[in-house]
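Here is a short report on one protein chain. Keep the sequence and the 3D view open as you read.

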Amino acid sequence: MRNAKITKMVAVAFLMALVVVMQFISGMIPPVGGFSISLVLIPVVLGAALYGPGVGALLGATFGTIVFINCVTGADPGGAMVFQANPVLCFLVVMAKGILAGLASGGVYQLLKKVNTFAAMLAAAIICPVVNTGVFILCMLTFFKDVLSAWAGGGDLLAYILTGLVVANFLPELIINVVFGTVGQTVIDVVKKNK
């Protein structure tokens, strides 16, 4: 029992470190539509599937923390605009989107894993970027509409959301997550077989 707890702690710590590394790598990918494609949702989904919604939320919080640091330091220019507009709301938004994405991913996996683990992983891999982007867009429209308008360059806000946030940002994240998430199910099966 103690070895299982230590193994879980080490695995979660590794996944947290992977979140940090993947966010750093994501920052090196040239932005599409003004936004970086996030690779960090892959370890969030993997951890949420392996260890449940609580770990998914923890990994999402790790993601949110790194995003917030990038907003504060200006490493993410768009995020810096959000931080300058309202630091407290910026923190709440980036934390909420990460935590809720990890929590939802783990919850969906838990609900479906008894039916079919592959379908559960596919659903978890889909719901994570849907929640992450959905919460972000909703919060931006609710709290930071002026910043969103500035990002749109004075153009049509709905068109910008659809092309800049959904097509250029969300869809690549979704595809990456689905591909690597379903491969991740093989990893989970191997880990569980060796327990």
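## Overall build

The chain has 8 helices and 0 strands. Its pattern along the sequence is therefore simple to write: α-α-α-α-α-α-α-α. This is a predicted model. Mean pLDDT for the chain is 90. Of its residues, 94% reach 70 or more.

Helix α5 (residues 87-112) has the highest mean pLDDT, at 98. Helix α8 (residues 157-193) has the lowest, at 84. Where pLDDT is low, predicted coordinates should not be read in detail.

## Size and packing

Start with the outline. Along the principal axes, the C-alpha atoms fill a box of roughly 55 × 30 × 25 Å. The radius of gyration is 17 Å. A compact globule of 195 residues would have a value near 16 Å, so the chain agrees with that expectation.

Now look inside. Buried residues make up 44% of the 195 residues. Take the contacts between residues at least 6 apart in sequence: 70% of them join residues at least 24 apart. The accessible surface comes to about 9700 Å². Carbon and sulfur atoms account for 74% of that surface.

## Aromatic pairs

How many aromatic pairs does the structure hold? There are 3. One of them joins Phe68 and Phe91. Phe68 sits in helix α3 (residues 53-73), while Phe91 sits in helix α5. The two residues are 23 apart, and their pair links distant parts of the chain. Phe68 counts as buried because its relative accessibility is 17%, under the 20% cut-off. Phe91 is partly exposed, with a relative accessible area of 37%. Phe68 and Phe91 also belong to one aromatic cluster with Phe83.

Phe136 and Trp151 form another pair. Their ring centres are 6.2 Å apart and their planes lie at 20°, so this pair is stacked. It too links distant parts of the chain: Phe136 is in helix α6 (residues 117-143) and Trp151 is in helix α7 (residues 145-151). They are 15 residues apart. Phe136 is buried, at 17% relative accessibility. Trp151 is buried as well, with a relative accessible area of 17%.

## Helix α4 and its cap

Which residues of helix α4 (residues 77-85) are buried? They are Gly78, Gly79, Ala80 and Val82. The cover over these buried residues includes α3, α5, α6 and α7.

The N-terminal end of α4 has a cap, and Asp76 provides it. A side-chain oxygen of Asp76 lies 3.2 Å from the backbone nitrogen of Gly78.

## A buried threonine

Thr133 is in helix α6. Is Thr133 buried or exposed? It is buried, because its relative accessible area is 6% and the cut-off for buried is under 20%.

What does Thr133 touch, not counting residues up to four places away in sequence? Its contacts are Leu165, Phe170 and Glu173. Find Thr133 in the 3D view, then pick out these three partners.

Notes. Residues numbered from 1 in each chain as written. Predicted model: local features only at pLDDT ≥ 70, side-chain atom pairs only at ≥ 80, totals over all residues. Heavy atoms only, no water. pLDDT = per-residue confidence, 0-100. Helix = DSSP H or I, 4+ residues; strand = E, 2+ residues; numbered from the N terminus. Phe/Tyr/Trp six-rings, centres within 6.5 Å; stacked < 30°, edge-to-face > 60°. Buried < 20%, exposed > 50% of the residue type's maximum accessible area, 1.4 Å probe, protein only. Contact = heavy atoms within 4.5 Å. Polar contact = N/O pair within 3.5 Å; in protein donor to acceptor, adjacent residues only side chain to side chain. Rg over C-alpha atoms; globule rule 2.2 N^0.38 Å. Areas by Shrake-Rupley, 256 points an atom, 1.4 Å probe, with all protein chains shown as cover.
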